[in-house]
Amino acid sequence: MSAGIPAPAAAAAPTPAATFVNPIAQQRADPHIHKHTDGYYYYTATVPAYDRIVLRRATTLQGLSTAPETTIWTKHASGDMGAHIWAPEIHFIDGKWYVYFAAAPAEDPWAIRPYVLESGSANPLTGAWTEKGRISLPLNTFSLDATTFVHNGIRYLSWAQADPAVGDGTGIYIARMSNPWTISGRPARIASPTHAWETRGHRVNEGPAFISKGDKVFMTFSASATDSNYCLGLLTADRTSDLLNPASWSKKPTPVFTSNVATSQYGPGHNSFTVSENGASDVMVYHSRTYRDISGDPLNDPNRQTRMQKLYWNSDGTPHFGVPVAEGPTPVRLSSFNFPDRYIRHSGLRARVEANVTDLADSQFRVVDGLTGNGTVSLESANFPGHYLRHKGFEVWLERNDGSSLFSADASYRRRPGLADAAVGLSFESFNYPGRYLRHYDSLLHVQPVNSALDRADATYSVE
C-alpha cells in the first residue's frame with residue numbers, strides 16, 4: 001500500500017520519453033540541429049579540420065547518426081574566410097536558409113569573426129549558397145558562436161566576443177537584428193567569466209543557446225578551456241523583461257552540466273536545443289569526449305562527439321540537465337502511476353519513489369537487456385553505470401553487478417503492460433519470483449504480490 005505518502009503536489013507537466021543511442025556522430029563538435037516544417041531534422045557541426053561546413057538531414061533525430069553528410073561550403077584559399085571555420089548553425093528565416101559560422105585568416109586565428117551564408121533552395125543540402133558576408137559588430141575584435149532566435153516577436157543575435165576594455169577572455173553579447181545578417185542598435189554584454197569554473201585554462205563565456213519555458217527564458221553558455229574543464233552555465237531572465245538590459249539576466253553561480261568520471265564523459269558543452277519528433281519533449285544536443293587527458297592544445301584533439309539526451313524541467317519551470325550520460329542508450333525516468341510527481345530513484349543505494357529529486361541522474365535508469373536474458377530487462381543507474389536495481393529480502397537496492405547468477409536473477413524483470421492502466425504505464429515482474437512486482441510501499445521499493453487495485457497502482461509506472 002501507499003500509506004504515509006501525501007497527495008501529489010503540483011509538478012512539472014510530464015513529457016514523453018525521448019531516447020537515443022549515443023554518440024550521434026564521431027569527431028563532430030559544436031553541434032546544431034534545426035527541426036524544419038518539411039519533416040526533416042537538419043544537423044551541422046564543426047569538423048576537426050576546421051575547413052568546411054557540412055550538413056546532414058533525417059526524419060528522426062537518431063537517423064542523423066547514419067544520414068549521409070554533404071559539404072555545402074569550403075573555406076577560401078586565403079583571406080578572411082581562409083581558415084578556422086568554427087561552430088556552424090543552420091536556421092530557416094523568412095523562407096530562406098541561413099548558416100552562421102566563424103572564420104579567420106589562416107595566419108591569425110584571433111581575427112576570427114562571424115559570417116553568414118544564405119540559400120533559397122527547399123533542400124539546403126543540394127541548393128546553392130550565397131555568401132552574405134561578415135556580420136558587422138561595433139567591436140572589431142575576436143568574435144564567434146553566433147546564434148539567432150525570436151522572442152516576443154523580435155529577432156535577436158547572440159554571440160561571444162572579446163572586449164579588451166573588460167579584460168581577457170570572451171563574454172556573451174546580444175543585439176536585435178534588422179535582417180538575418182545585420183544587427184541593429186547597440187549590443188549588450190549579458191555575461192562575462194567571473195567564477196572559478198568559468199576561468200579554468202582560459203576566461204571563457206561562449207556558445208550561447210536560447211530556450212524558453214513558461215514565464216522564463218534561458219541562455220546556456222560554455223565556459224573555460226575546451227578540455228575536461230569545459231562545462232555549461234545558465235543565464236535566466238523573465239519572459240517579459242528587456243533582454244538587452246544586462247540587469248534582466250541572472251547567472252546561476254554554479255555550472256549546470258560538467259564532466260562526469262562515472263559516465264566517462266569529459267568537457268561537455270557548446271550545446272543547442274531541439275525537440276523530439278512529436279514535439280512534446282525538449283532535447284539537448286552537445287559535444288563531449290570519452291577521455292579526460294589530452295596531449296597539447298585541446299583544439300587540436302579531434303575526438304569531440306555529438307551527443308543528445310532529453311532535457312527535463314523542474315517543478316519551478318527551470319531546466320534540469322542531469323549528467324552527460326554514458327555511451328549507448330540514454331536513460332529514462334519512471335514516475336509512479338498513482339503519485340505522478342514521484343519518481344523511482346536511489347538514495348543511499350535504497351530504491352524509493354520521491355518527488356523533487358535534486359540530482360536528476362539519481363532518478364534516471366537505462367532499461368537494458370536483462371542480465372538473465374530470456375527476454376527480460378534490467379534497470380541500470382544513469383550515474384552509477386554497472387549498478388542495477390535488484391531485490392534482496394524482497395527490498396530493492398541499487399548495487400553493482402557482481403557477476404553472480406543470483407544477482408542477475410534478482411536484477412532481472414519481465415516488462416508487462418501497466419497493471420493499473422496498460423495504455424499509459426508498464427509494470428516490472430520479478431524474474432525469479434513470478435507474481436511479485438516492483439512496487440512502492442511507504443515510499444520504498446519492494447517486489448511484492450499484487451492483489452488489489454491499490455497494489456496494481458503502486459506497481460505501475462510511466463516512462464518519461
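This is a predicted model: local features need pLDDT of at least 70, side-chain atom pairs count only at pLDDT 80 or more; totals for chains, interfaces and linings use all residues.
I looked at one pairing in detail. β4, residues 52-58, pairs with β5 in the antiparallel sense, and I noted four bridges between them. For Val54, the bridge partner in β5 is Thr71.

**Entry 2, the sheet with β10**

I looked up another open sheet, in which four strands follow the order β10-β11-β12-β13. Its pairing is antiparallel. The edge strands are β10 (143-151) and β13 (182-191), and because each has a single partner strand, one side of each is left without a neighbour in the sheet.

How many bridges join β10 and β11? I found seven, with β11 covering residues 154-163 and the pairing in the antiparallel sense. Within it, Leu144 has Ala160 of β11 as its bridge partner.

The structure holds 18 aromatic pairs. I picked out Trp73 and Phe101, whose ring centres are 4.9 Å apart with 45 degrees between the planes, and the pair is tilted. Trp73 belongs to strand β5 and Phe101 to strand β7 (residues 96-104), so I wrote the pair down as a link between distant parts of the chain, 28 residues apart.

Are these two residues buried or exposed? Trp73 counts as buried because its relative accessibility is 7%, and the cut-off for buried is under 20%. Phe101 also counts as buried, at 2% relative accessibility.

Next I took Tyr388 and Phe407. Their ring centres lie 6.4 Å apart and their planes stand at 75 degrees, so the pair is edge-to-face. This pair too links distant parts of the chain: Tyr388 is in strand β29 (residues 387-392) and Phe407 is in helix α1 (residues 405-410), 19 residues apart. Both Tyr388 and Phe407 are buried.

I also noted a cluster, in which ring pairs link Tyr40, Tyr42, Phe92 and Trp97.

I counted three cavities of 30 Å³ or more in the structure. The largest cavity has about 60 Å³ of space. Its lining includes Ala18, Gln309, Lys310, Tyr312, Phe321 and Leu360. What kinds of residue line the largest cavity? Seven are nonpolar, four are polar and one is charged.

The second largest cavity has about 50 Å³ of space. Among its lining residues are Gln27, Arg28, Ala29, Tyr50, Asp301 and Arg304. I sorted this lining into five nonpolar, three polar and three charged residues.

Terms used:
Residues are numbered from 1 along each chain as its sequence is written. Side-chain values use heavy atoms; hydrogens and water are left out. Two strands pair if DSSP finds at least two bridges between them. On a 1 Å grid over the protein atoms alone, a cavity is a set of points where a 1.4 Å probe fits but cannot get out, and a pocket is an open set with protein on both sides within 12 Å along at least five of seven lines; lining residues have an atom within 4 Å of a point. Grid points are joined across faces, edges and corners, and a volume is the space filled by probe spheres set on the points. Ala, Val, Leu, Ile, Met, Phe, Trp, Tyr, Cys and Pro count as nonpolar, Asp, Glu, Lys and Arg as charged, and the others, Gly among them, as polar. Rings of Phe, Tyr and Trp (its six-membered ring) pair if their centres lie within 6.5 Å; planes under 30 degrees apart count as stacked, over 60 as edge-to-face and the rest as tilted. Buried means under 20% relative accessible area, exposed over 50%, partly exposed in between (1.4 Å probe, protein chains only).
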